[in-house]
Amino acid sequence: AALGCKSSPSPAGMLKPKHIRFRALEKVKVRPRSLVQICLQRIAENFLQYDNLTAKLGRKQLEDIYAMLDLDMPLPEAALRISDENYWKRRTQAKHPNAQVERHGLSWKQTYLELELQQALERVPITVEYGNPELEALKQQVMASRLYIYQLHITQFPSHLDLSFIFDALPALCTFSITYGNKRLGMDYERAMFGMKISDAQYLARDIRVSQTLVSLSLPCNMIDDELVKVLMGGLSYGHMLTHLDLSHNKIGDRGARRLASLLDPDYCLQAVDLSDNQIHANGCMHLGAHLAENITCQVLNLRLNRCEDNGVSHLFQDMCVNKHLQSLNIACNDLTVRCLPYLNAMLAENGTLIELDVSANPLHQEEEEAAQGAPAPEQTMSSPPEDSLDNGEDDLLAGLQVSSAQLAVFAKCVMRSPALLRVDLRSCGLPPELHQRVSTAVKHRELIAKGIPVEAYERAKEVAEAEEAAAAAEEELAEGEEEEGEEKVEEKEPETEKADETEKPEGEEEKKDGE
């Protein structure tokens, strides 16, 4: 039987099928998503339907879900449910591309929530009725982000709504700035749409009195006058936590400044006061100086663009001889003349804590007026210094310079010898250019030494920059000269061409006559 049967082919003898290889397809490895990824995608799509995901999922799974979330999720829900910084970073950069997280506590969630609340408040219409859906949505947004709002900078607030719901709901609000009115009205301008009203001042005074965390208050460009200051003092007098107060660009006069000066008493801890661009005269400046004499906390005082004049500023300088804590003083644009220089010189000689002084845009030196008065001071040089020039055997700092005013020379020496003064602004004061340059250079060198910067390196860099500027100016002049020469040559060629045309015309006329 074994011999009669045909033997079946063995598996080893069978021919194997040839497989066609596609090397391009072998490089592309397409794998289907895993079940975990599908579940996470499903959870991300229905994120608001799940509760307490942090206890049910791991950290890596939560990060994957946050990376797949929609950036247009309702803000109240997102603020309460999501704490992932990467999600808030993506959402902030998509909505506010110019946002700077450094200004918002280095937290992307805080950055987004503060910017969104600011914009929501700036979009509030002029007339808002209580119970309005927009107002209710705004209150809901405030409650959802209450733990992440530390500062609010409202650049325009068209409405005159009571903001008590903000101060009552935000337990960590530290910095608040608001300007009542609308920025861009175009042809719809109305005077009543700008500035703070008495009702606004009453609301704000109540909010300041209730708040226990507010340390910085800024109310610029609100058209605040003395009466509104009186109303605001009902809350500011309770602001024992305030360290920064900004009331710039308003209409505060002497009475308002007298009330605000009480905030410099020892019961308060103001560190910076900005009253620039107001209507404070000598009387208000005198009261500020009187309270500043006993103050131990204020470090910055800004009285720029007021009307203090020589009388008020002289009393302020006298009080600053006693004060040993103020570091920055700005009295630019106050119509100060040479008559206040003796008091300023005495203050600079006795005060050893003032670091920055700005007296720019004041007519401290006017030769024409001195000549008109008929009693010009003798020229002061190295050989004839004034008696009060503080020359304690030292070399004169004004050697080679001629100063027509004795007090001006003393002022320059006091500034140059002050051990603490590191920055001084004397622009537009009428000083001689050489004197201004020498005083500014001496103060700049003192600042460089205080910062640990070599003065020689600074001077070398300054010389190189000046040389480059001079070379660039020379090149520009040369290019302009070449252009002018080219224009002159073109102008010279034009009369020659006109003469040639005139000579050609008679020849053409003669030919025509011959032809006739």
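Which residue is the bridge partner of Asp246 in β5? The legends below take up this question along with other close-up views of the predicted model.

**Figure 1. The protein as a whole in the predicted model.** The secondary structure comes to 19 helices and 9 strands. The protein has 516 residues, and 40% of them count as buried. Among contacts between residues at least 6 apart in sequence, 72% join residues that are at least 24 apart.

**Figure 2. An open sheet of 9 strands with parallel pairing.** The strands follow the order β1-β2-β3-β4-β5-β6-β7-β8-β9. At the edges stand β1 (151-157) and β9 (423-425), each of which pairs on one side only. From one strand to the next, the twist averages 5°. In general, the strands of a sheet pair through backbone hydrogen bonds, and the pairing may be parallel or antiparallel.

**Figure 3. The pairing of β4 with β5.** Strand β4 covers residues 244-246 and strand β5 covers residues 272-274. The two strands run parallel and are joined by 3 bridges. The opening question is answered here: the bridge partner of Asp246 in β5 is Asp274.

**Figure 4. Strand β2 and its pairing with β1.** The strands β1 and β2 run parallel, with 5 bridges between them. One of the residues to look for is His153, whose bridge partner in β2 is Ser177. Strand β2 (residues 175-180) is mostly covered, since 6 of its 6 residues are buried. In a regular strand, the side chains alternate between the two faces of the sheet.

**Figure 5. The contact of helix α11 with helix α12.** How are two packed helices described? The description uses the angle between their axes and the distance between the axes. For α11 (residues 226-236) and α12 (residues 254-261), the axes come within 8 Å and cross at roughly 15°. Angles under 35 degrees count as roughly parallel, and α11 and α12 are therefore roughly parallel to each other. Their crossing is left-handed. On the α11 side, the residues in contact are Asp226, Glu227, Val229, Lys230, Met233 and Leu236. They meet Asp254, Arg255, Gly256, Arg259 and Leu260 in α12. By class, this contact has 4 nonpolar, 1 polar and 6 charged residues.

**Figure 6. The contact of helix α13 with helix α14.** The axes of α13 (residues 282-292) and α14 (residues 309-320) come within 7 Å and cross at roughly 5°. That angle makes α13 roughly parallel to α14. From α13, the residues Ala282, Cys285, Met286, Gly289, Ala290 and Leu292 take part in the contact. Their counterparts in α14 are Asn311, Gly312, Val313, His315, Leu316, Asp319 and Met320. Sorted by class, the contact has 8 nonpolar, 4 polar and 1 charged residues.

**Figure 7. The contact of helix α15 with helix α17.** Within 9 Å of each other, the axes of α15 (residues 341-350) and α17 (residues 406-417) cross at roughly 20°. The two helices are therefore roughly parallel to each other, and their crossing is left-handed. Leu341, Pro342, Leu344, Asn345 and Leu348 in α15 face a set of contact residues in α17, including Gln407, Leu408 and Val410. Phe411, Cys414 and Val415 in α17 also belong to this contact. Which classes of residue make up the contact of α15 with α17? The contact has 9 nonpolar and 2 polar residues, and no charged residues.

**Figure 8. Tyr268 in the loop between α12 and β5.** Is Tyr268 buried or exposed? Its relative accessible area is 14%, and the cut-off for a buried residue is under 20%, so Tyr268 is buried. Leaving aside neighbours within four places in sequence, Tyr268 is in contact with Leu236, Ser237, Gly239, His240, Ser262, Leu263 and Thr297. The C-alpha atoms of Tyr268 and Tyr238 are separated by 9.2 Å, and these two residues lie 30 residues apart along the chain.

**Figure 9. Two loop residues, Leu106 and His249.** Leu106 is found in the loop between α6 (85-95) and α7 (108-122). Although Leu106 is not a glycine, it has a positive phi of about 55°. With 62% relative accessibility, Leu106 counts as exposed. His249 lies in the loop between β4 and α12. The phi of His249 is also positive, near 60°, in a residue other than glycine. His249 is partly exposed, with a relative accessible area of 35%.

Technical notes:
Residues are numbered from 1 along each chain as its sequence is written. This is a predicted model: local features need pLDDT of at least 70, side-chain atom pairs count only at pLDDT 80 or more; totals for chains, interfaces and linings use all residues. Side-chain values use heavy atoms; hydrogens and water are left out. Two strands pair if DSSP finds at least two bridges between them. Helices (H or I, at least four residues) and strands (E, at least two) are DSSP runs, numbered from the N terminus. Axes are lines fitted to C-alpha atoms, for helices over the stretch in contact, and angles run from 0 to 180 degrees between N-to-C directions. Angles under 35 degrees count as roughly parallel, over 145 as roughly antiparallel, 65 to 115 as roughly perpendicular and the rest as oblique. A crossing is left-handed if the near helix is turned anticlockwise from the far one by less than a right angle, and right-handed if clockwise. Contact means heavy atoms within 4.5 Å. Ala, Val, Leu, Ile, Met, Phe, Trp, Tyr, Cys and Pro count as nonpolar, Asp, Glu, Lys and Arg as charged, and the others, Gly among them, as polar. Buried means under 20% relative accessible area, exposed over 50%, partly exposed in between (1.4 Å probe, protein chains only).
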